[in-house]
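Trainee: I am new to this structure and would like to learn how to read its features. Could we go through them step by step?

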Amino acid sequence: MIDEEAGALPVHGVAAERVLGEIRELRGLDRPTHGGRLFAYVYDPGVPGLDELAAAAYAESAHVNGLDPTAFPSLLAMENALVGAAARLLNGGPGTSAPEVVGSITGGGTESLILAVKAARDARPEITAPRIVVPTSAHAAFAKAAHYLRVQVDAVPIDPDTLRPAVADIAAAIRPDTVLVVCSAPSYAHGVIDPVAQIAEAAAVAGVRCHVDACFGGWTLPYLRRLGEPVPDFDFAVPGVTSISVDLHKYAYAPKGVSVLLHRDPALRAPQYFAYADWPGYTMINPVISSTRSGGPIAAAYATLRHLGDEGYLELTRRTRQAVRVLAEAVRGVDGLRLVAEPESTVVCFTATDSGPDLFVLVDELAARGWHTQPQLRYAGLPRSVHLTVTAAVAPRAAEFAADLAEAVAAAAAAGPVPLPPELLALAGALSPETLTADLVANLAAGLGLGTGGPGTGGPGAGGPGAGAGLPERMAPVNTLLDAAPPALRERLLVEFVSLLQRPSY
């Protein structure tokens, strides 16, 4: 028997206003998605009325199903318009050197990357053990794609100073069974642009596709170039580039989740499709992973692009560029911090000097002052760092952040590093994923303050205090433990920790 007031399925329906009130109350646990204080996960242009427009457009098409474009031609028209806009922005379409660019709307950057790998794999059915060449700075979604699609990843290290792969190393990694070479414009972690032209040339010489992951920067780099920034060629102006992904729910400022996957010509896109007729139901034909797709996100993206327009995006990029400059200068002005890389796009990434503060404590101190940043763990000789995704909404707050950063660094330095027991840190460095037991994970989680309660504001490695039950007040202990563990153990620990949080409410 279901309880009268039980969770999502009470015996009797609940009044609409009460339900909305409950959702608003739960949303109070979340980090702020507007106001320029969240430097990850969401993208805020700070444009009055845009949310209301997008929500209204979403509602108009929320129940439209992208499964069958013949039944819902409105969605097909909006998809084609969005693909065309992205293609033109990235030097494709009529009048360019890539006049036949085609594309698909996906539910996000990860889906776009999975489909880019699928198209490359399926285009070479004679290769029984396909491989992809990926810089270690490439997005983790490529590893996810390889895992799902049973493709081997050949990871190419990046230079610790330039944070880019060497073109010679990329070329040397290409084998007869390589189906795709990957580069980033820019990489998410540090915001630097890979040498796309040279990598694409190496791929073309080997007869291999080259995908540019511009999910993060594809909608800003063209505008930054127009504003005078020295943006290198990275799009379809580069002959060897065969596909590009760009997320509209990032710097096109559309609601989540909408991404565009572009191919230089229809023949390159063809293996992306899935069709199936060998059953008694309707013949299935899907350009993307999902079959049923709500038209809501696509309509919202269409409304957003139409409303902001080209000049609007140029202005938003100008504001973002100014905010990046202010934040970078703030980092340079604080003793104990240094930039990991000079900003090339919309990312400010910094680390601590030898005499600087514990970065994970600093992240918590910033969160206590209302700034939510993204800590990044050490990797392959690269130091732990703090990532700031900068949006147009940050511009009015950038000077305020600069003042709080200096104050937070002083507080973190006074607090000192996280005092985890040495034996716990030693254990994290010595354990293997196979040796973890449920009891050991539960004890570790309890020691770090991770419980099994209700919703919170983040997860392990997310940074910032947790407002909900199940998360510790400060995340520095969790991040410090993960930082001491090798990547394979980090993965297993995170899976176990998050599984403790994701429990049904009965």
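Mentor: Let us start at the surface, where Phe274, Tyr276, Trp279 and Tyr282 make a nonpolar patch of about 430 Å². Patches are made of residues with over 30% relative accessible area and no salt bridge, like charges being joined within 9 Å and nonpolar side chains (Val, Leu, Ile, Met, Phe, Trp, Tyr) within 5 Å; accessible areas come from the Shrake-Rupley method with a 1.4 Å probe, and for residues only the protein chains shown count as cover. This is a predicted model, in which local features need pLDDT of at least 70 and side-chain atom pairs count only at pLDDT 80 or more, while totals for chains, interfaces and linings use all residues. Residues are numbered from 1 along each chain as its sequence is written, and side-chain values use heavy atoms, with hydrogens and water left out.

Trainee: Where is the place of Trp279?

Mentor: Helices (H or I, at least four residues) and strands (E, at least two) are DSSP runs numbered from the N terminus, and Trp279 is in the loop between β8 (274-276) and β9 (284-286). Buried means under 20% relative accessible area, exposed over 50%, and partly exposed in between (1.4 Å probe, protein chains only); Trp279 counts as partly exposed because its relative accessibility is 42%.

Trainee: Which order do the strands of the open sheet have?

Mentor: Strands of a sheet pair through backbone hydrogen bonds, either parallel or antiparallel. Two strands count as paired if DSSP finds at least two bridges between them, and here 4 strands form an open sheet in the order β10-β11-β13-β12, with antiparallel pairing. The edge strands, each pairing on one side only, are β10 (337-339) and β12 (374-376). Strands β11 (residues 347-352) and β13 (residues 385-389) pair over 4 bridges, and Val348 stands opposite Leu388 in β13.

Trainee: How many salt bridges does a search of the whole structure find?

Mentor: A salt bridge is a side-chain nitrogen of Lys or Arg within 4 Å of a carboxyl oxygen of Asp or Glu, and the search finds 29 of them. In one of these, the side chains of Asp310 and Arg226 meet at 2.9 Å, N to O. Asp310 lies in helix α10 (residues 296-332) and Arg226 in helix α8 (residues 221-226), so the pair ties together parts that are 84 residues apart in sequence.

Trainee: Are Asp483 and Arg384 buried or exposed?

Mentor: Asp483 counts as buried because its relative accessibility is 5%, and Arg384 counts as buried at 17%. Salt bridges that share partners join Asp358, Arg378, Arg384 and Asp483 into one network.
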